[in-house]
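Look over the sequence and the model first, then read on.

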Amino acid sequence: LSASGHTVSLNGNVSHAGDQQKFGTHSVYFDSTDGAKISVPASPDFAFGIGDFTIEFWVHWNNPSNMASYPTFFDFGSFQGACSMRRNGANNLSFIGPGHAHQGDIPFTPQADRWYHIAATRESGILRVFIDGSKVQEVNFTSNLSSNISLAIGGSAHEGNEGIRDGYMDDFRITKGAARYTADFTVPLDA
């Protein structure tokens, strides 16, 4: 978002943190209170249509037991024509499409004090999810993500209590029009 000219708002107790980072000198820290997230206003940049895309980020927790029941990594602000990714209460990672349609559950039980690279890509109607460069899901996903919608990072656009909590994110990146990863890959060593 930094090169795109979007306005970014910090909600709740979100801050730059120098004590943990994957790249550079800082990451973004989401404290353990409800409502901590980054908000980006609605933009046509987030309307992927039926085209290809990549959404990727690094995430780290001090203590995963502090997570909300359904910590949300990113959430485009409408149930219709939108998508999000969260970890559900059953220790599964879920990519969620329009109408709150889960695209399947992926086992994911994060450990403390470890960085994870997570990526979701769509290429020609195929959704793939990767954890640390390993493809963990591949499903048909042809939904039209066409809404001019807002974006929440590190929390839900709809509910204030579904944040990462006591965790960090780094190098959150959206690529519209390209699936950067279609098979297992070596995770990036620099931003």
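In which sense do strand E8 and E9 pair, and over how many bridges? Strand E8 (residues 92-97) and E9 run antiparallel and share five bridges. Within this pair, Ser 94 has Asp 105 in E9 as its bridge partner.

## About the model

This is a predicted model: local features need pLDDT of at least 70, side-chain atom pairs count only at pLDDT 80 or more, and totals for chains, interfaces and linings use all residues. Residues are numbered from 1 along each chain as its sequence is written, and side-chain values use heavy atoms, with hydrogens and water left out.

## The sheet

Seven strands make up an open sheet. Their order is E1-E4-E13-E6-E7-E8-E9, with antiparallel pairing. Strand E1 (9-11) and strand E9 (101-107) are the edge strands, and each pairs on one side only. On average, neighbouring strands are turned by 25° against each other, direction ignored.

Some terms need cut-offs. Strands are DSSP runs (E, at least two residues), numbered from the N terminus. Two strands pair if DSSP finds at least two bridges between them. Angles run from 0 to 180 degrees between N-to-C directions, and the axes are lines fitted to C-alpha atoms.

## Strand E6

Strand E6 covers residues 72-76. Five of its five residues are buried, so E6 is largely enclosed by the rest of the structure. Buried means under 20% relative accessible area (1.4 Å probe, protein chains only).

E6 pairs with strand E7 (residues 84-88) over three bridges, antiparallel. There, Phe 74 has Met 85 in E7 as its bridge partner. E6 also pairs with strand E13 (residues 149-153), again antiparallel and over three bridges. Here Asp 75 stands opposite Ala 152 in E13.

Definitions and conventions:
Helix = DSSP H or I, 4+ residues; strand = E, 2+ residues; numbered from the N terminus. Buried < 20%, exposed > 50% of the residue type's maximum accessible area, 1.4 Å probe, protein only.
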